[in-house]
Amino acid sequence: MSELALSARGLMKSFGAVVAARDVNIEIPVGQRVSLIGSNGAGKTTFVNMVTGYLRPDAGTIHFDGRDIVGLGPRRITRLGVARSFQIPQLALDMTALDNMLVAAACAEGEPSFWQPARSPARRSRAMALLERFALAEHAQRRVAELPGGVRKLLDIAMALTGRPKLLLLDEPTSGVSVQEKFPMMDTIVGALAGESVTVLFVEHDMEIVTRYADRVVAFYSGEIIADDPPEAVLADEQVRRYVTGDAVRAEA
Amino acid sequence: MKRTWRIPKPGAIAIAAAIGLAAHAPAQAQETFRIGVVSFLSGQAAESFGIPAVNAAKLLVETFNAGQAPAPYDKKGFGGMTIEAIYVDEAGGATKQVQELKNLYDREKVDAVLGYVSSGDCLAVAPAAEEMKRFLILFDCGTPRIFEERSYEYVFRTASHAAMDNVSLGRYLKANNIPVETINYINQDYAWGHDSQKDFELTMKQLYPEAKTQQDLRPKFGAGQYGTEISALLSRPATITHSSLWGGDLQAFILQAAPRGVMKRSQLVLSAADHVLPGLGDKMPDGVILGARGAYGLMSPESPLNDWWFSLYEKRYDVYPVQAAYRMAQAMLGLKQAAEKAMADNGGRKPNSEQLAAALKGSQWQSPGGLIRMVNGNGHQAIQETAIGRTKYNPEKKRVDLVDIMRFPAECVNPPPDMKSEDWINSGFKGAKC
Amino acid sequence: MHATTVRTVLAGGLVVALLLAAGLAMPDWLLFLATMAISHGVVSLGVVVMMRAGVVSFGQGFVFAAGGYAAALVANQWGVGDALLLLLAGGVAAVVLSLPFAPLLARYRGIFFAMLTLAISMVLYGILLKSVALGGSDGFNVGRPTLFGASIDGRANFVLYGIAVVVVGLLAIATRIYGDSVRGLVSLAIRENELRVEYLGASVRRAIAANYLIAAFLGGVGGALTLLALGHIDPMFSYWTTSGEFVFVAILAGHHSVLAVFVASFIVEVVRSFSNLYFPSTWQLAMGVFLLVVIRFLPRGLGSLWADRRPRAAPAVEAVAMKEAVR
Amino acid sequence: MLALTILIDGVVYASWLFIVALGLTLVFGVLKILNIAHGSFYAVGAYATASFVGWFGALGLAPEWSLLAMVLAAIAVAALLAPLVERGLLRAFYGRDEVLLVLVTYALFLILEDVTKLIWGATPYYVSDPYMLFGTVEFGLLSYVGYDFMLVAMAIVCGIGVWWGLNRTRTGKIVLAVIHSDEIASSMGVNVSRIYRFAFMFGIFLAALAGALTAPMVSVQPGLSVGVIVVSFAVVIIGGLGSIEGAAIGALIVGLARALAVHTWPAAELFSIYVAMAAVLVFRPEGLFQRLQARKI
């Protein structure tokens, strides 16, 4: 078995009475593209938040690159090579798309320089290149506040990718995107990722997306993993049908 | 303020101002004498000092220009020159005051500036005027430091500094052989309060070596609420309670202290309090010993000049003049005499700052509050007589009278020219003539 | 050196040269007013540096006073007369005094940052008020500085103005370079979306602490400069109304242009000075109305008139929503 | 004995502080405005009281009536000024940055400083008759003025009244909803701007009432407002902005801290407030009673 990008063991997390993670165990080899599914409140985003250091698990370990990252904050974890996108894109609304990308590049520098110009031609072209990979070049000079939701989602992911992460977590990349847009959008994302040797973990409700883009699917139900196999197998799974997809579809509708 | 409607256009103000000064600056070179008068028109010190002083100035400018002041001050304006006054608010801190002072001299082309109640402002503006070699009269501020720390050519103070106030208080107690075993203090927590407390404590060390200090309370300036301090004063009553509170703070303190019997349990002595009497009226308990920072208001000496001033001011503002008004008056009279003397020496032409300074230096003149003599600070710091009295409410006149008034000649309560006030007090008032 | 940097330096140098030339033609009162505008403006520039990262200090009086008193003491106690040394002393002292607070304050945002900075400045105010050795509330005076060992008497007003223009000019250029820098951009992003910045791997607290210290240096120099021009210092330097005026100028200028800060500062000095003289008993009213008019009709500050190319800010709702997400 | 004195003095001062701070914290809770001009409304309240008590006196009414005069004065100030300021000025700035709004109210403070001077002039007003209405209370060496304890009562009444109004009345519940989140509230069909108007007017009423209750203990004259601003800020910051119980605790902390300082170490009185404030903020960044919003991403 190839080396692991991420391995979580015995993760526990509960908010008061609500259990968001009960003994979660996952091992993700480098380069795999894994989809996390499950109805709302099943524990997908909680898992993402624990991996990215937003939440601290009550118990259990999370190893990234063979290093235990439990207790590290988002910043430290990001610096180790874990990047994420957000369900609600987290952008600088009052800046242009290009500036957002430049911000991402600036932050990626760790101790940013006090005098090197942030908008130097070199940086701009690097940022533009990435924007083009996400088909965002035309929006480069527009203020984010004026951009449509789908474009914001892509920008959000493009920024996450700027730091050349080893592991990328996408929180519902297609949520709030129209049915016609979602496949082109996923194609754009996958296309953009093609070049990188990055392990991808994406939370998704839409089973068509999952079957088409995931190598492997992990199904959550009330904080527990109820299935962890290739898409077909998982979607065929009895429990999954009962607890996830069925509900999920209705929940989405 | 009829002009307030113009305010929404600050740009317009600036322009109008610019035009205005372009228009008048050169014109009145000869026939008018421009003075800048600076005092508090807003903030805590406005009611008690700033506005009475400015009122006095306005009244005197009118009277002088009309030539209606009694001899020897009966020449029109200053030796024939019409007086033109500009009034500036002293509120806003020393930085602003230095800036405004420079504006007055350079932009408004005033020939002299009179003003400043706050010691901090005085310390700040004095060096500025000196450096600009322009004539400046400090009319009120208290700190002795001004002429004790350095000497000036162009800066004068036409009133005694604050040491006099507390020395005379102590002497009053001694002269009326009022026994003092213990002393409570309540003074504002800033330089005025600190200095007054120190001066009085040192004075008492000389006059009542065995008196002990009990409470030394330091409410912050503008506190307004004195309940806690009053409890502290009551829980350890002393034979006397000394305070240099003034204005709103003093009024609030008295309003809150009287009902709780502070004045019954302890003899209250106030170093600068006459200005609150007209307002407080019957709310001021009888028997409080207080000074006015000079022989002012109800303690002013009998003289035709004083009768004229007292009634002139009372008629105009239907309240009798108190310390700030008197101090402004003695400054204006001193300036008038100096200006006219300098003018004469200058062949009837308008004197410059040097000539004004030369004329005022070491001079003396009669004022409503008595004879003012510029003998200290190398002829730049005035000394004057002062008086202390006791409050007694007068139901017929519906006002607080001052009784048992005792006068102290200038040399009795002011340090000699060659001594710093603090050393003088510690030396047991060396060379004091009482 | 990078092209933008070169452009900034040249533009800045040009402005400095023009101001120096203009100074030769100014009457003394205007020279002094301008010197004050510059020495106060550089403090507000510090506020702007913090504003770019979304926090506003209502306590810049703290560093202003720290710098002023430090310079004053160095001058009086150690007999150091050289203006430039005194300015440096002021800036350094302010930074040193701010150092312990930087990590603490970096944890706070919005109104709490403002109020905590205010509390710090007021405590200093209290200490100064009580320190008899420093003249208490009356403060104390400092003689004229020298320049490179030479006395400046005679042309004092112009020389001090010149020093202000050159020194502050350099600081302004440096600030502008910082604003355009990688870190400067991170600051701007923090103002917009703190959370994302952390998730992109940059430290928000370190950025805010750094800005606070930069502002401290600027404020310290401003305080020292004011002292030199004034020759006097007192605790009012640290009073909350003083701090309030620095914030006012910063808001008036907006965070899009460094030059705007000094334009704003100058306008305020002029308005204050004239309204004070022409409406002696209603100048506060004049200032208040002026303030409101500016905030109302120049929401993004003077700088937005020329430096800010972008359309209006995002609707408030969105901004609020983002703030929520950030919490 | 000393401890008891400190307690009484502290509580009396705290009651005064609480009445001053209550309106401030309420206005912040609802409109998210830290109102520097609160001090000015306090001053205007005091001036209005001076006028009202004067008129009542002119009508030959007994001093007892002056208490009514105070309340009427406060109501008048709120009824006249609040709509003017809220509709005419603040509304234009809603949704803008908190700190910017502080500056707006600072401008308002400057303006009101001069306006009060233009209306009432600079000569002091005295309305001390009410101060003696409740006689004095002998207490060992000390004697207190009954009015002080009336203040304590007023503070309790105001506190409980506001608390009851918020938690037990329909309008109050709506106000609480707006305090929690004006967006959600408006999405639920609440007329937020009406609530704003109402809350602001009530806040001004409390400020003016505080001024009215203080007027008898002081001489009403320029500069009254500045004194209360910073101190009442300290109180609400300590208590947690927008929290009633916080304002109460904050007032007690500041009041007792000050009383302790005055009785045991007078020189430290000046610092007591800021030290208390800084100390609280260091350990409770959001103040004692501030609920931290849940982070959501």
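Predicted model: local features only at pLDDT ≥ 70, side-chain atom pairs only at ≥ 80, totals over all residues.
Local features are given where pLDDT is at least 70 and side-chain atom pairs count only at pLDDT 80 or more, whereas totals for chains, interfaces and linings use all residues. Residues are numbered from 1 along each chain as its sequence is written, and chains are lettered from A, and ligands numbered from 1, in the order in which they are written.

**Stop 1: chain A as a whole**

Select chain A. Its secondary structure consists of nine helices and ten strands; helices (H or I, at least four residues) and strands (E, at least two) are DSSP runs, numbered from the N terminus. The radius of gyration of chain A, 18 Å, is close to the 18 Å given by the globule rule for 253 residues, so the chain is as compact as a globular protein of that length. The radius is taken over C-alpha atoms, and the rule is 2.2 Å times the number of residues to the power 0.38. Along the principal axes, the C-alpha atoms of chain A fill a box of roughly 55 × 40 × 40 Å. Of its 253 residues, 50% count as buried; a residue is buried if 20 or more other C-beta atoms, placed from the backbone, lie within 10 Å of its own.

**Stop 2: the two domains of chain A**

Colour residues 1-81, 164-181 and 189-253 of chain A as domain 1, and residues 90-163 as domain 2; the bounds come from an automatic or database domain assignment. The C-alpha centres of these two domains are separated by 26 Å. Twelve residues of domain 1 and ten residues of domain 2 of chain A take part in the contact between them, two residues being in contact if their C-beta atoms, placed from the backbone, lie within 7 Å. On the domain 1 side, helix H2 (74-80), strand E7 (167-171) and helix H6 (179-194) of chain A give two or more residues each. H6(A) gives the most, with three residues. That side of domain 1 of chain A divides into seven nonpolar, two polar and three charged residues. Here Ala, Val, Leu, Ile, Met, Phe, Trp, Tyr, Cys and Pro count as nonpolar, Asp, Glu, Lys and Arg as charged, and the others, Gly among them, as polar.

**Stop 3: chain B and its domains**

Select chain B next, which has 16 helices and 15 strands. Its radius of gyration is 22 Å, close to the 22 Å that the globule rule gives for 434 residues, so chain B is as compact as a globular protein of that length. The C-alpha trace of chain B spans about 65 × 50 × 40 Å along its principal axes, and buried residues make up 62% of the chain.

Domain 1 of chain B comprises 2-161 and 301-383, and domain 2 comprises 163-300 and 385-426. Their C-alpha centres lie 29 Å apart. In the contact, 30 residues of domain 1 of chain B meet 26 residues of domain 2. Helix H2 (44-65), helix H12 (304-317), helix H13 (323-345) and strand E12 (370-376) of chain B each supply at least two residues on the domain 1 side.

**Stop 4: the seven-stranded sheet of chain B**

Display the open sheet of chain B, whose strands follow the order E7-E6-E8-E9-E10-E14-E15 with mixed pairing; two strands pair if DSSP finds at least two bridges between them. At its edges are strand E7 (212-217) and strand E15 (399-408) of chain B. Now centre on E10 (289-291) and E14 (386-394) of chain B, which run antiparallel and are joined by three bridges. Which residue of E14(B) is the bridge partner of Ile289(B)? The partner is Arg390(B).

**Stop 5: chain B against chain C**

Show chains B and C together: 36 residues of chain B and 38 residues of chain C form the contact. Helix H3(B) gives the most to the chain B side, with nine residues. By class, the chain B side has 19 nonpolar, ten polar and seven charged residues.

**Stop 6: chain D against chain C**

Finally, select chains D and C, where the contact takes 36 residues from chain D and 38 residues from chain C. Helix H4 (98-120), helix H10 (224-239) and helix H12 (269-283) of chain D each supply at least two residues of the chain D side. The largest share, 15 residues, comes from H4(D). The chain D side has 26 nonpolar, two polar and eight charged residues.

Note on methods. Buried ≥ 20, exposed ≤ 12 C-beta atoms within 10 Å, placed from the backbone.
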